[in-house]
Amino acid sequence: MSGPPYVIRGSVSLPEAELMWRFSRSSGPGGQHVNTSDSQVELRFDLAKTEALPQVWKDRALERLANRLVGGVVSVRASEHRSQWRNRETAAVRLASLLAEATAPPPRARRKSKVPRGINERRLREKKQRAETKRGRTGRDWS
């Protein structure tokens, strides 16, 4: 498949030479040739041995995708479409987005901020007023 390069992020893309394709028959209903053609696609990418990713990204992806890896290889399947070509496109895009998400830098840590004194004082003042209003509603002097 010599289609467009599947960009992970920035100038880094999936190398065509490192992608391993496997085709099999799709499951599910259909008739007259639908289930007899090899339209299901399994795309495998050896994440542990690749040289296409920077080492920092590679380590991050290996850590985040640890539960999906089998021997350092990440695998993606696609069988939504009847066309093998469209399933190939879907699998490649899915793998690229999975790697983009796995190699993304961690979010910045949230800095705790202190509640401004004026806001806290206003909250307490309103709370006292509300309590006074409710205290005035008691029916002790009503007969």
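Arg94 is partly exposed, with a relative accessible area of 32%. Partly exposed lies between two cut-offs: buried means under 20% relative accessible area and exposed over 50%, found with a 1.4 Å probe on protein chains only. The Arg94 side chain meets that of Glu80 in a salt bridge, at 2.9 Å from N to O. Glu80 lies in the loop between strand 5 and helix 2, and Arg94 lies in helix 2, so the pair ties together parts that are 14 residues apart in sequence. A salt bridge here is a side-chain nitrogen of Lys or Arg within 4 Å of a carboxyl oxygen of Asp or Glu.

This is a predicted model, in which local features need pLDDT of at least 70 and side-chain atom pairs count only at pLDDT 80 or more, while totals for chains, interfaces and linings use all residues. Residues are numbered from 1 along each chain as its sequence is written, and side-chain values use heavy atoms, with hydrogens and water left out.

Now the overall plan. The chain has three helices and five strands. Along the sequence they follow the pattern β-β-β-β-α-β-α-α. Helices (H or I, at least four residues) and strands (E, at least two) are DSSP runs, numbered from the N terminus. The chain has 143 residues, and 29% of them count as buried. It exposes about 10700 Å², of which carbon and sulfur atoms supply 51%. These areas come from the Shrake-Rupley method with a 1.4 Å probe; for residues, only the protein chains shown count as cover. Take the contacts in the chain with a separation of 6 or more: residues 24 or more positions apart account for 63% of them. Contact means heavy atoms within 4.5 Å.

Next, helix 2. This helix covers residues 84–103, 20 residues in total. At 1.5 Å a residue it should span 28 Å, and its end C-alpha atoms are 28 Å apart, which agrees. The expected span is 1.5 Å times one less than the number of residues. At the start of helix 2, a side-chain oxygen of Ser83 comes to within 3.2 Å of the backbone nitrogen of Trp85. The buried residues of helix 2 include Asn87, Ala91, Leu95, Leu98 and Ala102. What do the buried residues of helix 2 pack against? They meet strand 1 (7–9), strand 3, strand 4 (40–46), helix 1 (55–64) and strand 5 (73–78). An α-helix has 3.6 residues a turn, so residues three or four places apart point the same way.

Ser97 also lies in helix 2. Its relative accessibility is 41%, so Ser97 counts as partly exposed. Ser97 and Ile8 are 89 residues apart along the chain, yet their C-alpha atoms are separated by 6.6 Å.

Turn to the strands. Six of the seven residues of strand 4 are buried, so strand 4 is largely enclosed by the rest of the structure. Strand 4 has partners in strand 3 and strand 5. Six bridges join strand 3 to strand 4, and the two run antiparallel. Six bridges also join strand 4 to strand 5, again antiparallel. Two strands pair if DSSP finds at least two bridges between them. The bridge partner of Asp46 is Val73, in strand 5.

Strand 3 takes in residues 19–24, and Met20 is one of them. Met20 is partly exposed, at a relative accessible area of 36%. Which residues does Met20 contact, leaving aside its neighbours within four places in sequence? They are Glu42, Leu43, Arg44, Phe45, Asp46 and Val73. Met20 and Leu43 are 23 residues apart in sequence and 5.8 Å apart in space, C-alpha to C-alpha.

Arg22 stands opposite Glu42 in strand 4. The side chains of Glu42 and Arg22 meet in a salt bridge (2.5 Å, N to O). This pair links distant parts of the chain, with Glu42 in strand 4 and Arg22 in strand 3, 20 residues apart. Is Glu42 buried or exposed? At 8% relative accessibility, Glu42 counts as buried. Arg22 is partly exposed, at 47%.

The whole structure holds four salt bridges. One of them joins Arg135 and Glu132, with the closest N and O atoms 2.8 Å apart. Both residues lie in helix 3 (residues 117–135), three residues apart, about one turn of the helix. Glu132 is partly exposed, with a relative accessible area of 48%.

Note on methods:
Polar contact = N/O pair within 3.5 Å; in protein donor to acceptor, adjacent residues only side chain to side chain.
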